[in-house]
Amino acid sequence: NILKYLELLCYKKAAHIIVLTLYQKKFIAGKGIPLKKISFVPNGVLVEEFKDIADKALAKRSIVRKELGVEAYFVVIYTGAHGQANGLINVLQSFKNAPKDIFLILIGDGPCKESLLKFKEENNLTNVLFLPPVTREEIFQYLFAADCALISLLDNEIFKGARPNKLFDYIFAGLPIITTVEGEIKEILEQNKLGLYSKYEELILAIKVIQNYDFLKLEELKRNGRDFLKREGDRSFLAQKFYKILQDTVKSRILKRDLI
């Protein structure tokens, strides 16, 4: 109760509130905070860097796939935290029944990684590869070497408002995306035709659906992703929006002070 009181006090005392997701905006407004006091400025990517990054990463695609030994596979990639909330044990459970031509790569670290590695060994999951964290520049080499990307989060109410950075990285790389959590991510994927939602027990079926996408479908998906980033994920535009909010807020406070 004390924490909830402090939370509401912060909302009321703040000159302005900036949120990363629409869910957060709705949540805070539901506590009686005026919508005009809340601005939505999500994460994003530097769209102007796309061509240079894409050209370099695509040039290395076959090399990276060969180094990883996945030339003949349909590669699903997951990047980021390996924690309890990420539900990766459920992903590994699904891959116990995966066809031999589907391969999973997980890049990152976290408190569950050791137990995940143990599960992989105990169940002889030869179509699963764990890699350590890499730099942001390196991550795109792996993303462009993959065929499909995964956003794995437990289907919990708290995650329905999530809009993780990896979402924008995956879109940036032109990858079809599968998410295991309902809410904002699912809505973005479905409304912009960027991927699919799947329960863990149906994950392999969802991967097979994307595996059967033809060239035209994949090109359409990439165009949809570029359009989405220009509208909602261009960091240059978002930075300008953020700066204007700060300017307007400061001007409003100064005006209010002068009137007093």
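Which helices each supply at least two residues of the lining of the largest pocket? In this predicted model, they are helix 3 (50-59), helix 8 (165-172), helix 10 (203-211) and helix 11 (215-233).

**View 1. Here's the largest pocket, with about 380 Å³ of space.** Its lining runs to 23 residues, and those closest to the centre are Leu58, Phe144, Ala173, Gly174 and Lys222. Helix 11 gives the largest share of that lining, with 5 residues. Sorted by class, the lining of this pocket comes out at 15 nonpolar, 2 polar and 6 charged residues.

**View 2. Now for the second largest pocket, at about 310 Å³.** Look for Glu49, Ile53, Arg136, Glu137 and Phe140, which lie nearest its centre among the 14 lining residues. Helix 3 and helix 7 (136-143) are the elements that give two or more residues to this lining. The class count here is 6 nonpolar, 1 polar and 7 charged residues.

**View 3. Zoom in on strand 7 (residues 177-179) and strand 8, a parallel pair with 3 bridges.** Across from Ile178 you'll find Leu196 of strand 8.

Note on methods. Residues are numbered from 1 along each chain as its sequence is written. This is a predicted model: local features need pLDDT of at least 70, side-chain atom pairs count only at pLDDT 80 or more; totals for chains, interfaces and linings use all residues. Side-chain values use heavy atoms; hydrogens and water are left out. On a 1 Å grid over the protein atoms alone, a cavity is a set of points where a 1.4 Å probe fits but cannot get out, and a pocket is an open set with protein on both sides within 12 Å along at least five of seven lines; lining residues have an atom within 4 Å of a point. Grid points are joined across faces, edges and corners, and a volume is the space filled by probe spheres set on the points. Helices (H or I, at least four residues) and strands (E, at least two) are DSSP runs, numbered from the N terminus. Ala, Val, Leu, Ile, Met, Phe, Trp, Tyr, Cys and Pro count as nonpolar, Asp, Glu, Lys and Arg as charged, and the others, Gly among them, as polar. Two strands pair if DSSP finds at least two bridges between them.
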